Amino acid sequence: QVQLQESGPGLVKPSQTLSLTCTVSDVSIRTDYYYWNWIRQPPGKGLEWMGAITGSGNTYYSPSLKRRTSIFRDTSRNQFTLQLSSVTPEDTAVYYCTAGFGASSDYLWRGQGTQVTVSS
């Protein structure tokens, strides 16, 4: 079993950069067995895949978010981080980190999620 836990601010002002960290337990994020993804769910909408990082450190991004998204990792802490720049109220959502077999919104394991609201 893989445990994931998101952490970060619940409120971000428009135009700022959102930064969320996922702490992974019970497996090393350096494993090539999983892709480590970020997905989100805006209120009243479905899941949206944002991006992923592999055990080797390769990154993949949603074309619609690529310009504003960066994912990187800290292997010493077994964490991976999402940064989303120039946020707007449309970025308000529940953000999840997940582990799966590919760079997608499908997952095997998921964190509990963290609510992020973009508001001044």
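# Reading side-chain features in a predicted model

Mentor: Strands here are DSSP runs of E of at least two residues, helices are runs of H or I of at least four residues, and both are numbered from the N terminus. The model is predicted: local features need pLDDT of at least 70 and side-chain atom pairs count only at pLDDT 80 or more, while totals for chains, interfaces and linings use all residues. Residues are numbered from 1 along each chain as its sequence is written, and side-chain values use heavy atoms, with hydrogens and water left out.

Trainee: How is a salt bridge to be read, and how many does the structure hold?

Mentor: Side chains of opposite charge can pair when their charged atoms come close. The criterion is a side-chain nitrogen of Lys or Arg within 4 Å of a carboxyl oxygen of Asp or Glu. The structure holds four such bridges. In one of them, E48 pairs with R40, and the closest N and O atoms are 2.7 Å apart.

Trainee: Which residues are linked in a network of salt bridges?

Mentor: The network links R40, E48, R68 and D91. R68 lies in the loop between β6 (59-61) and β7 (69-74), and D91 in the loop between β8 and β9, so the contact ties together parts that are 23 residues apart in sequence.

Trainee: Are R40 and D91 buried or exposed?

Mentor: Both R40 and D91 are buried. The classes rest on relative accessible area: buried is under 20%, exposed is over 50%, and partly exposed lies in between, with a 1.4 Å probe and protein chains only. D91 counts as buried because its relative accessible area is 2%, and R40 because its value is 5%. R68, at 15%, is also buried, whereas E48, at 22%, is partly exposed.

Trainee: With which side chain does the side chain of Q79 make a polar contact?

Mentor: A polar contact is a pair of N or O atoms within 3.5 Å; within protein, one must be able to donate a hydrogen and the other to accept it, and residues adjacent in sequence count only if both atoms are side-chain atoms. Here the partner of Q79 is the side chain of T23, at 3.0 Å. Q79 is located in strand β8 and is classed as buried because its relative accessibility is 19%.

Trainee: Which residues does Q79 touch, not counting residues up to four places away in sequence?

Mentor: Contact means heavy atoms within 4.5 Å. By that criterion, Q79 touches T21, C22, T23, I29, R73 and D74. The reading can be repeated for Y60 in strand β6, which is partly exposed at 35%. With residues up to four places away in sequence again left out, Y60 touches Y35, W49, G51, A52, T54 and A103.

Trainee: How are aromatic pairs described, and how many are there?

Mentor: A pair of aromatic rings is described by the distance of the centres and the angle of the planes. Rings of Phe, Tyr and Trp (its six-membered ring) pair if their centres lie within 6.5 Å; planes under 30 degrees apart count as stacked, over 60 as edge-to-face and the rest as tilted. The structure holds seven aromatic pairs. The rings of Y34 and W36 have centres 5.7 Å apart and planes at 65°, so this pair is edge-to-face. Y34 is buried at 11%, and W36 is buried at 1%. Y33, Y34, W36, W38, F80 and F101 make up one aromatic cluster.

Trainee: Which residues make the nonpolar surface patch?

Mentor: Y33, F101 and L108 make this patch of about 350 Å². Patch residues have over 30% relative accessible area and no salt bridge; like charges are joined within 9 Å, and nonpolar side chains (Val, Leu, Ile, Met, Phe, Trp, Tyr) within 5 Å. Accessible areas come from the Shrake-Rupley method with a 1.4 Å probe, and for residues only the protein chains shown count as cover. L108 sits in the loop between β9 and β10 (109-110) and is partly exposed at 41%.
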